[in-house]
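Colleague: I'd like to go through this one with you. Could you take me through the terms as we go?

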Amino acid sequence: MAKLPILGLFETADNAADAGDALKAAGVASTDYDFLTDAPYPEGAFGERHESHRLYIFPFVGALIGLTVGIMLTSMTQMAYPLVQGGKPILSLPPMAVVTYESTMLTAIAFTIIGIIFESRLPAFKQGLYDTRITEGYIGVLVNVDEDQLTQTQTLLTQAGAIDVVRKS
Amino acid sequence: MQEGTPLQSRQVNRELLVSILNSPKWFWMVISVLGLIVLIAMSAAGVLINQGFGVTGLNRPVMWGFFITNFVFWIGISHAGVMLSAILRLSKAEWRRPATRAAEILTVFSLLTAMLMPLIHTGRPWRTVYWIYTLPFVPYDYARGIWPNVRTPLVWDPSAVYTYLTSSILFVLVALIPDFAVLRDRTTGLSHRIYGMLAMGWQGNPRQWKLQIIAGVLLSALILPVFVSVHSIVSWDFGMAVSVKSWHSTIFAPYFVVGAVHSGVSAVALVLIVLRYIYGWQNYIRHEHIDALGRLLVVVATGWFYFFVMEVVFGFYGREADEIAVRNLQFMVSPWNIWMIIFVGITYFLPVSIWLSRSCRRNLWIMSVACISVNIGMWLERFLIIVPGLARKQLLTFDWYTYRPSLVEWLIVIGTFAMVSMLMVTIAKVVPLIPLYDIKEGEILRTEIKIGRVTVPATFRED
């Protein structure tokens, strides 16, 4: 049976956390409900599941690529213009250092940005059930349940203190 | 330090989005006036490109003047954004919240403006494509047998500035995603669609917030070394020049970086004061924030003053004739010596004596005067480094000359200040200059604790 979303809106973090507890007690899997807020709350404030990510890999991969590109760019540029200056070698390391450093940092930062967007599961082209009151300070508890459990979940959210429960029309 | 009254999310949205959702009456008038000044500056640049460098005051041996001074100045201003934002984020300083966004955006616009200066200074900006594309598969225009020096320190500069600009833009954009979502929910029609695309489907679940917080810290840690590299590399535009004695100094890198922070943080303080005044953000940009910036500036200014004194001392210490000639010009010959006294007075002694007083740090008018004074002084500092050094570049005295900027140069320099102001006012109409979610997070974490018989405001801080 296909799962359908239902969104409960809460005024306080305590009520939203109570709703989370009630959902857990009702046997809803932790991957089937989420808390939507307009600001970051301390981790675990709603008793939500622990989120793991691999963001830290991205800057390292980016830095390695940037370092390689930087070395290639600067060395190939010098080799392409084989003009001797002041008796110094054609392939001179000091002029390469700064450009290579900058290219390493630039690519590390660019990959970090890609990592943040990727790990945040963005862009989300199809936005699920949502309510604009969330960005006014209400806390949304978004639950995905089987169609036959929608009414039961709605009651559960209301009992936990939801000021409104929204279903997909 | 935790002043002010608790704020509700709805109130934060209403008050901080006032610059976007309501068009103040003065908006178009200010844009028109600043736009006119920018147009005049662009016309002056057009005259320069059409007529050649004869319309400027630049001539042998002073071939770097107002444009390069202005370039270094705007690069310096750009340092405030990342310095404030990154260091305060990493140290989880509570008073960073209202200051970070405006500082980061100021970084982007001042960098863009700075990058215009060397382009104009070339006189033939279309040829600067060869600065970037010195790759084997792009043919170089080696007319008259002149080949590029791919090993010059001048190549380092665009690579550093470009890295810093790209990183800063990405840093700002990532931090804006949650605020774009707020705007998506508060707008209709085309604006709603555009903000919706920029928000990329942001919902604000714990995973997204967790990554957003980590992003702030991780990007701060990555951008900080770039921030240090940029102005040190700008200083090497001068420090690596063997032939100009007063420039050829190893102290230039830290001296320039600390100077940049000095002028940049002062500029951010001024921008915050202006934003507080024009948008009525008294609940957000509070006296405690300006006070904190003032205290920080005392330390930065004193660090800068130390490097300034050492740079002069080292200049004398070597007792080289052409170095002494430059110092003689700077300190003994009018009008340079008068400019030098003014510069030191308004960059260090006047503002620091103001910042030492708590009541002055909390008086926004006095703070504005101090911040403007620092920035005029720091502009003069760059001018007094660049021009006297070149005026006494040669050992042979018959080749000594001075420099007088022309009207074209004045107009272009004034135009850059109008341009940055115009861009700041324009961006305030598009994105919130104070991060909404950061302020809301501060309100969530705000608490009070009772110690003995007093109840003191406190902030919960996560590791």
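This is a predicted model: local features need pLDDT of at least 70, side-chain atom pairs count only at pLDDT 80 or more; totals for chains, interfaces and linings use all residues.

Colleague: Why is F305(B) called partly exposed?

Modeller: A residue is buried if 20 or more other C-beta atoms, placed from the backbone, lie within 10 Å of its own, exposed if 12 or fewer, and partly exposed in between. F305(B) has 18 such atoms within 10 Å, so it is partly exposed.

Colleague: And what makes the stretch around F305(B) a helix?

Modeller: Helices are DSSP runs of H or I of at least four residues, strands are E runs of at least two, and both are numbered from the N terminus. F305(B) lies in α11 of chain B, residues 287-317. In total, chain B comes to 17 helices and two strands, while chain A has four helices and four strands.

Colleague: How do you know that the radius of gyration of chain B agrees with a compact globule?

Modeller: The radius is taken over C-alpha atoms, and the globule rule is 2.2 Å times the number of residues to the power 0.38. For 463 residues that rule gives near 23 Å; chain B has 24 Å, so the two agree.

Colleague: What does the rule give for chain A, and what does chain A have?

Modeller: A compact globule of 169 residues would come out near 15 Å, but chain A has 26 Å. Its C-alpha trace spans about 85 × 30 × 25 Å along the principal axes. The domain assignment, automatic or from a database, gives domain 1 (3-49 + 129-167) and domain 2 (57-119) in chain A, with 48 Å between their centres over C-alpha atoms.

Colleague: What makes two residues count as being in contact across chains A and B?

Modeller: Their C-beta atoms, placed from the backbone, must lie within 7 Å. By that test, 49 residues of chain A are in contact with 54 residues of chain B. On the chain A side, α3(A) gives the largest share, 14 residues.

Colleague: How many residues of that side are nonpolar, polar or charged?

Modeller: Nonpolar means Ala, Val, Leu, Ile, Met, Phe, Trp, Tyr, Cys and Pro; charged means Asp, Glu, Lys and Arg; the others, Gly among them, are polar. The side of chain A that touches chain B has 29 nonpolar, twelve polar and eight charged residues.

Note on methods
Residues are numbered from 1 along each chain as its sequence is written. Chains are lettered from A and ligands numbered from 1 in the order in which they are written.
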